[in-house]
Every structure is written in structure tokens, then in C-alpha cells.
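Please examine the sequence and the structure displayed below before reading the report.

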Amino acid sequence: MLTDLPAWKGLQAHRAAWNNVHLRDLFKTDPKRFDRYSPRLDELLLDYSKNLISDETLALLRRLAVEANVPAWTEAMFKGEKINFTENRAVLHVALRSDSGKPVFVDGQNIIPAVADVLSQMRVFTDSVRNGSWRGHSGKVISDVVSIGIGGSDLGPAMACRALKSYGSKQLSMHFVSNVDPNHIGDTLDDLNAETTLFIISSKTFTTLETLANAKIARRWLVEKLGSEQAVAKHFVAVSTNEAAVRAFGIDPANMFIFWDWVGGRYSMWSAIGLPIAVYIGMDGFESMLAGARDMDEHFRSDPVGSMPATLALLSIWYQHFWDAHSHAVLPYDQHLGRFPAYLQQLCMESNGKRVTRQGEVVSHATGEIVWGEPGTNGQHAFYQLLHQGTRFIPADFLLAATTAHPYDGMQQMLAANCMAQSEALMLGKTEEEARSELKAEGLDDDKIRLLLPHKVFPGNRPSNTLLYRELNPRTLGRLVALYEHKTFVQSVLWNINAFDQWGVELGKKLAGTLIRELGEGTPITGHDASTNWLASYCQRLGRDKSG
């Protein structure tokens with residue numbers, strides 16, 4: 001158990017030494033602090049100097065990782081061992097971006113040739129869409145691509161296409177439909193021309209409730225608009241493993257792109273699930289994204305307890321368990337990364353939102369972290385007040401590019417200045433003496449100063465990390481995503497949980513299936529608890545009233 005490890009007990013004793021320590025004093029007394037706590041991977045810089053840590057803290061945290069067998073688990077993952085034991089599966093998203101040529105075996109089969117085959121199939125297809133040789137049923141080129149999926153089949157591709165807009169095709173508009181809310185598919189279809197629209201349906205089993213519901217609506221819309229069932233084959237492709245269901249839908253199996261059960265949904269954007277990304281930015285760009293993830297894989301594997309991902313994971317352990325931090329803010333100062341916090345919510349919270357250990361015992365400590373955030377500077381005018389002066393202790397990650405695709409009138413410098421100023425302000429705070437001096441300089445009298453002074457004090461000492469890179473390009477995005485993937489993995493090893501299953505989503509799905517049938521029948525609903533029975537019945541009544 002994590003809490004029984006010697007390093008854990010050492011951290012408990014070490015924590016008491018931090019009760020009266022302030023980050024501003026650490027920087028005053030240690031001019032080399034930034035140099036020691038700012039590793040680089042090429043131009044990607046991680047500054048974690050603004051954290052409540054010392055060399056002793058790091059040594060204890062890294063010893064904890066060793067005692068929890070992080071290096072051994074890391075090797076097991078990279079070698080294809082079935083570390084997702086509840087589903088008897090290997091965890092090999094790292095193999096999807098490998099270019100070493102070395103075989104990786106799953107159940108005695110080298111999976112690398114199959115990965116290469118799918119990448120080749122993706123290149124042929126994406127080239128044909130992008131160069132206009134793929135034509136719709138009426139002979140027109142494709143102008144709009146609609147990706148229909150949910151969860152890992154949606155969040156990763158949607159996030160990446162938005163992030164890499166500067167690298168996307170100017171001839172293609174990307175759309176993403178995931179929600180079973182009919183407004184999502186309806187609003188999307190309202191703005192499209194069926195003759196020039198291509199749908200990518202992503203579902204491993206081709207039975208996912210939300211995805212198939214949206215896909216069927218899109219199919220019916222297309223057939224009605226174009227007047228032919230044969231049109232489906234030229235306007236739909238599938239990312240799936242269920243060839244029979246794909247064929248029955250009307251999709252040519254030659255346009256089905258496979259992936260494998262050793263690719264978890266939230267780790268799948270590197271597989272054919274990334275087809276929308278590849279269509280939008282081209283296969284060269286997609287492979288550059290794979291290369292960026294591979295850079296981080298190699299960095300992490302070479303030092304599973306001292307690398308950037310391990311450092312971020314260990315800092316999260318330090319704050320969650322020894323500083324009572326319940327959440328973690330991810331604050332990209334890049335509008336193109338607007339969906340990055342939402343992507344990380346699934347990656348981190350679905351992976352590590354577990355209550356039992358690998359041995360099936362209820363954990364005796366917190367697991368998972370609540371991840372949230374919005375792009376700066378919008379967030380500064382929304383929730384940063386809580387970060388600076390609220391009672392919650394919330395560590396934060398800032399993400400910043402040094403350059404932008406739109407260098408308008410010094411605005412990137414304004415953005416960068418805000419990002420760095422916020423991390424500095426969180427660290428420094430403002431003392432009572434500093435606040436009093438400012439108020440006096442404004443010419444306020446003593447009574448006014450006495451009134452305002454408590455409201456002008458900032459405690460500071462709020463930790464943050466800053467990830468700084470030259471530009472947000474495909475390779476950089478690949479590195480950033482892989483960084484957080486491996487952070488999440490290290491956390492799971494420390495907590496002794498399985499990060500690669502998600503049984504918690506099953507119960508709601510099962511109950512929803514029953515309610516879907518009951519709501520559709522229109523008969524009184526009585527088979528649930530009183531609240532659910534009443535809500536369902538009232539929903540039926542409201543629906544009848546509107547239709548009547």
C-alpha cells in the first residue's frame with residue numbers, strides 16, 4: 001500500500017518543515033532554483049521552480065516512485081504486457097507512434113506491421129480527400145468532414161483539429177458530433193451540403209449507442225438529400241473492427257479503418273481514430289504529431305521517475321496527499337488549445353477515478369484529481385479570483401507558445417506577459433505591508449486604508465508549472481498529449497489502480513437503456529425510485545403537451 005512505503009512516511013515527516021515557508025523566500029535565497037527545476041526536451045521547457053519543493057522533497061518523491069515500482073510498470077507497458085488486467089489487454093498506445101522497427105508482440109503476434117498497414121491506408125485515403133480525387137455521389141469534391149464518435153473517439157480528434165487549425169486544409173471544414181442530444185447532429189446538418197459532405201463514423205464495435213444514433217440520422221439525411229441508398233458508400237467511412245455491421249450500414253469495407261483492443265479509447269487518437277486529424281492536417285502532419293509523442297515516450301522511458309511526466313505526477317501526489325489539494329487547473333494561454341482541458345478531463349479522470357486497488361481492495365486514500373481549466377486570458381476574468389484569494393489550494397499548469405500564427409500588433413507578447421504575470425502573482429502574492437504602501441501611494445486616508453487593506457492582501461505561495469514552447473505545431477501537440485498520458489500512468493501506478501479500464505460508466509448506460517424503452521412506450525413509468533419515476537413521467541407529459 002502506498003501509505004505504508006518508507007518514502008511516504010518520510011514525506012509525512014518532511015511536510016512539517018513547510019509550514020512557515022514561502023516561495024518568494026525560496027527564490028530570494030536560491031538564485032539557482034530555476035536552473036535546477038526547469039528541464040527541457042529540445043525547445044519544450046517545463047518550469048516547475050514555482051512549487052513548494054526542495055531537493056529533499058524531490059528525492060523523497062522519486063524514492064516513492066521507485067518503491068511503488070514505477071520503472072518496472074513502465075517497462076511492462078512498453079513491452080506489451082497485459083497491464084489492463086481486468087480486461088486482459090495490453091496497453092500499447094506507445095506502439096502506435098513507434099518507428100524503431102523493433103517488434104512488439106501481443107499474444108505472440110508482432111503488431112508493428114499491422115500499425116504500419118493502417119497508417120498507409122490512412123495516407124491513401126486522406127490524400128484522396130485532400131487533393132479532390134475522392135468525389136461524392138454526384139461527382140463533387142468534399143468540402144466538409146463530419147466526425148461522429150463519443151468519448152475517446154471524439155475528444156482527442158476534436159481537440160487536435162482545433163489545436164492545429166493553422167495547419168489544416170483551407171478547403172475542408174471539420175465538424176464533430178458526439179452528444180446524443182438531437183440538437184448536436186441537427187445543428188450540424190443544418191449547415192451542410194449533402195453532395196460535398198463526408199462522414200467518419202468511429203466506433204470500435206459499431207454498436208455504441210450515441211454514435212450509432214447520430215450516424216443513422218446522418219445516413220437518413222444524406223439518402224433523403226441525394227435520393228439514393230448507393231450514395232452512402234461515397235459519403236461514409238468507418239473506424240471500427242466490426243466489418244459485418246459496417247457493411248450492413250452501407251459502408252464499403254475497403255473504407256473501414258481498424259484499430260485494436262490494446263488501444264484504450266482515451267489513448268486512441270494515435271490510431272485510425274485520428275483519421276479526422278489526418279484528413280484535416282494531412283498525413284505528414286499526423287505523422288509529425290506521432291513523432292512528437294514518440295519524443296516524449298523516449299524521454300519518459302529513459303527516466304521513469306525523473307522525467308517531465310514523472311515529475312508532474314509526483315508533484316500531484318505531493319499536493320493531493322500532503323497539501324489537501326482536490327483539483328488541478330490546466331490553463332493554456334492559447335485559444336487553439338481551448339479543448340485541451342476537456343480532453344485532459346477524460347484522460348485523467350476516467351483513467352484514475354477508481355476506488356479499488358489492483359487487488360480489489362477499497363483504497364485508503366484519495367485517487368484521481370479533478371482537472372479543469374479554460375484558456376487565458378478569458379479565465380483571468382472568470383475564476384482566477386478563486387485561485388489568488390480563495391480558500392482552495394489549487395496547483396496549476398500554464399501552457400504558452402512563444403510565437404503565434406497571427407502576429408498582430410504585439411498581442412502575443414501581451415498574452416505571454418499575462419501568462420507569466422499570473423504564475424508570478426500566484427507565487428509572490430502581496431503582503432500587508434506592500435498593500436498598505438500601494439494604498440498610501442494612491443493618496444487614501446487611514447480610514448479608507450483600514451477598510452480596504454484586508455481585501456488587497458494576496459497570500460501567494462500558490463504553486464504552478466509552466467510549459468513553454470516555440471509554437472503549437474503537430475510535433476509540439478504530440479509531446480504535450482503524451483506528457484499528460486504518462487503523468488496519468490505514473491499516478492495510477494503510485495495509487496496501485498488500473499488506469500486503463502472504465503467500468504464506472506457501465507451502470508448509467510444500462511439504466512439508460514431501460515429508460516429509453518420506457519420513455520418511448522409512453523406508458524406510466526413505475527419501476528424505478530420515486531424521483532426517477534416522477535422525472536420520467538413528467539418528461540413524458542411535457543413532451544406530449546408540446547406535441548399536442
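## Basis of the model

This is a predicted model, in which local features need pLDDT of at least 70 and side-chain atom pairs count only at pLDDT 80 or more, while totals for chains, interfaces and linings use all residues. Residues are numbered from 1 along each chain as its sequence is written, and side-chain values use heavy atoms, with hydrogens and water left out.

Helices (H or I, at least four residues) and strands (E, at least two) are DSSP runs, numbered from the N terminus. Two strands are said to pair if DSSP finds at least two bridges between them. Strands of a sheet pair through backbone hydrogen bonds, either parallel or antiparallel.

Five strands form an open sheet in the order 6-5-7-8-9, and their pairing is parallel. At the edges stand strand 6 and strand 9 (256–257), each of which pairs on one side only.

Strand 5 (residues 144–148) is joined to strand 6 by five bridges in the parallel sense, and V145 has M174 in strand 6 as its bridge partner. Strand 7 in turn pairs with strand 8 (residues 236–239) over four parallel bridges, where F236 is the bridge partner of F199.

Six of the six residues of strand 7 (residues 197–202) are buried, so this strand is largely enclosed by the rest of the structure. Buried means under 20% relative accessible area, exposed means over 50%, and partly exposed lies in between (1.4 Å probe, protein chains only). On one side of strand 7 the buried residues are T197, F199 and I201, and on the other they are L198, I200 and S202.

Another open sheet has six strands in the order 1-2-13-12-10-11, with mixed pairing. Strand 1 (40–41) and strand 11 (370–372) are at the edges with a single partner strand each, so one side of each has no neighbour in the sheet.

Within this sheet, strand 10 (residues 327–333) and strand 12 (residues 396–401) run parallel and are joined by five bridges. L331 has F398 in strand 12 as its bridge partner.

## An enclosed helix

## A loop residue

G250 is found in the loop between helix 11 (243–249) and strand 9. The residue G250 is partly exposed, with a relative accessible area of 27%. G250 and A233 are 17 residues apart in sequence, yet their C-alpha atoms are 6.0 Å apart in space. Apart from its neighbours within four places in sequence, G250 is in contact (heavy atoms within 4.5 Å) with V232 and A233.

## Helix 21

Y538 lies in helix 21 (residues 530–547). The relative accessible area of Y538 is 32%, so the residue is partly exposed.
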